[in-house]
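Have the sequence and the 3D view ready.

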Amino acid sequence: MGKIKVLTPGVIAKIAAGEVVERPASVVKELVENALDAGSTEIKVEVQSGGRKLIRVTDNGEGMTPEDAVLAVQRHTTSKIENEKDLWAIGTFGFRGEALSAMAAVSKMRVVTSKGGILEGVEVEVEGGVTKGVKEIGCPPGTSVEVQDLFYNIPARLKFLKSQGTELGHIGEIMAKLALANERTHFQLFHEGKLLANYPLRENPSPRLAEALGREADDKMYFFQSRNEDVEVAGYTGEPDLHRPNARGIHLFVNRRPVRDRLLTHAVMEAYRNLIPKDRYPVTVLFVQLPPAAVDVNVHPGKWEVKFADSEMVHRRVFLTLREMLDKTPWLKKEDKASLRGVRETAGAYFRPPDETLPHSFLPREASHPQTGPHFFLGQIDKTYLLFASLDGLTIVDQHAAHERILFERLTEEISQGSIRQQTLLFPEIIELPFHEARTAAEHLLDLEKLGFEVIPAGERSFWVKSVPEILTTREPLQALQDLIGHISSWGKDAGLPRSFDPLFQMMACRGAVQASELMTPEEAATLLTNLQNCVSSSHCPHGRPTMQKITLAELEKMFGRK
Ligand code: ADP
Ligand code: MG
């Protein structure tokens with residue numbers, strides 16, 4: 001006899017269930033998605049013991065007939081698609097007809113449902129995948145699905161569940177995501193009878209930001225949107241000061257489906273490059289809308305992943321849309337927040353047809369030049385902070401961070417023209433390098449030239465330095481050169497890509513910038529501010545620290561009790 005055995009249906013069902021149902025939060029996700037697919041405007045989620053003991057989702061959707069309810073808990077039964085072709089035109093969250101049966105296989109499930117108009121409802125009870133009872137029952141229109149004792153028949157899975165608090169946290173997180181994308185539905189989450197989260201029905205997604213992400217995040221988030229015939233990109237994203245230690249603040253939706261997607265995450269991160277500190281993540285709610293045929297949603301058991309037909313195009317659109325908004329630095333003009341909010345109240349229409357949505361130009365463009373009149377330099381504090389008065393408030397500039405940003409953008413601009421502008425030294429200087437770095441330097445003479453250093457070998461480990469970058473002439477160019485060579489020796493094969501210049505330019509800008517604790521003349525201070533205001537990303541230095549802060553007139557008035 002051979003070694004291969006045919007698995008029993010019970011085992012097969014449990015294996016399949018394991019893919020769809022990972023933890024209580026996946027049950028909540030599937031049940032709420034079913035409720036949304038049924039057109040519900042009220043969805044109540046009740047859990048006990050972090051979802052281990054009980055998850056009950058009650059909705060006011062279209063309900064099921066008794067026959068459908070009996071079928072629904074079987075494997076591969078769905079009302080959402082009929083044939084293979086339909087897989088390319090999916091407009092619902094569900095489509096595989098798997099979730100209810102998978103959950104029923106690993107729990108004790110009770111479905112109570114009724115279609116409005118039909119007097120009687122039905123109750124279907126399933127235990128470990130086996131239907132235990134079907135009976136008529138009186139109930140309001142809609143559906144309530146109870147999942148009790150999840151994984152009671154798979155002890156191995158049960159062991160993998162985390163603490164109640166952790167599982168509850170995951171449930172709260174998935175509810176927040178679903179609430180962000182479905183503002184026209186009222187969601188409630190109860191734990192042990194206590195209301196934990198309440199998302200009242202809203203006209204547009206903007207109030208949901210505060211409800212789902214907290215007031216602080218909401219205060220610092222701004223609307224973005226772009227649309228062409230291929231894709232619509234819209235959402236809210238945080239100012240650079242709002243950053244988190246992990247990517248959990250980045251909420252991604254494709255056709256309103258919450259997804260995890262490296263490509264989209266990367267596009268968001270790219271938009272924030274040089275705006276937020278290294279190893280930190282922005283807070284972003286991103287909605288990507290595509291024709292159903294341009295995205296494959298059938299690639300992940302929990303439907304957490306999608307595949308784009310043209311991923312490069314999607315990446316580019318997301319990056320450009322976010323970057324364009326960030327370049328406007330609306331957060332520098334705090335007074336605009338009020339008017340932006342006004343915008344946001346109506347901006348939620350981005351799922352409506354094009355002509356009804358907001359023109360792009362409606363968002364205040366002049367925000368990147370926040371000064372409304374001349375700034376008067378008042379003085380320097382601690383030889384580090386420059387104070388400027390203007391008609392609409394007080395501007396405080398960190399002189400080093402500001403100068404870094406200016407030099408960084410200048411270097412980026414110069415390299416895009418070909419190479420960094422050089423200054424020939426009156427007297428060439430000689431530097432001596434450690435053996436390893438001397439080899440790096442010898443191999444990268446042309447790159448160094450491009451970066452503004454004219455370097456000529458003078459011996460085994462020594463080099464003549466004849467020219468240095470203009471921005472470094474008044475600083476210590478040789479130290480910068482050594483730093484640079486240190487950096488270059490860690491370069492990989494794709495040395496020379498513009499992307500790999502970033503850390504070099506950060507370093508050179510830092511070396512070249514006026515330091516904290518240097519005195520500045522009023523003329524220098526004024527020039528610094530003007531140059532800063534001409535920067536594309538003026539609000540933050542290339543390491544992600546703020547370059548300037550503003551105290552508005554309104555804030556001053558409030559401070560002094562005049563308002
Ligand atoms: P899918 O959502 O992929 O179709 P499910 O197993 O989640 O598969 O659900 C099976 C079917 O049961 C659905 O296609 C739908 O017709 C019905 N159904 C499930 N939940 C609900 C609900 N809350 N309200 C109305 N019908 C539901
Ligand atoms: Mg479903």
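Ala, Val, Leu, Ile, Met, Phe, Trp, Tyr, Cys and Pro count as nonpolar, Asp, Glu, Lys and Arg as charged, and the others, Gly among them, as polar. By that scheme, the shell around ligand 1 holds seven nonpolar, eight polar and four charged residues.

A word on the model: it is predicted, with local features needing pLDDT of at least 70, side-chain atom pairs counting only at pLDDT 80 or more, and totals for chains, interfaces and linings using all residues. Residues are numbered from 1 along each chain as its sequence is written, chains are lettered from A and ligands numbered from 1 in the order in which they are written, and side-chain values use heavy atoms, with hydrogens and water left out.

**Around the ligand**

Ligand 1 is surrounded by 19 residues, and the closest are N34, T78, S79, K80 and G97; a residue is near a molecule if one of its heavy atoms lies within 4 Å of it.

| Residue | Part of the residue | Distance to an oxygen atom of ligand 1 |
|---|---|---|
| S79 | side chain N or O | 2.5 Å |
| K80 | side chain N or O | 2.7 Å |
| G97 | backbone N or O | 2.8 Å |

On its own, ligand 1 has 530 Å² of accessible area, and the protein covers 93% of that (Shrake-Rupley method, 1.4 Å probe). The elements that give two or more residues to the shell are α2 (24–37) and α4 (99–105); helices are DSSP runs of H or I with at least four residues, strands are runs of E with at least two, and both are numbered from the N terminus.

**Paired strands**

Two strands pair if DSSP finds at least two bridges between them. Strands β19 (residues 385–390) and β20 (residues 393–398) are antiparallel partners over six bridges, with F388 bridged to T395 in β20. A hairpin through two residues joins β19 to β20. β20 also pairs in the antiparallel sense with strand β24 (residues 548–552), over five bridges, and there G393 has T552 as its bridge partner.

Elsewhere, strand β4 (residues 121–127) and strand β5 (residues 130–137) run antiparallel, joined by seven bridges. G121 is bridged to I137 in β5. Which residue takes a positive phi in the hairpin of β4 and β5? G128 does, near 55 degrees, in a hairpin with two residues between the strands.

Conventions:
A polar contact is a pair of N or O atoms within 3.5 Å; within protein, one must be able to donate a hydrogen and the other to accept it, and residues adjacent in sequence count only if both atoms are side-chain atoms.
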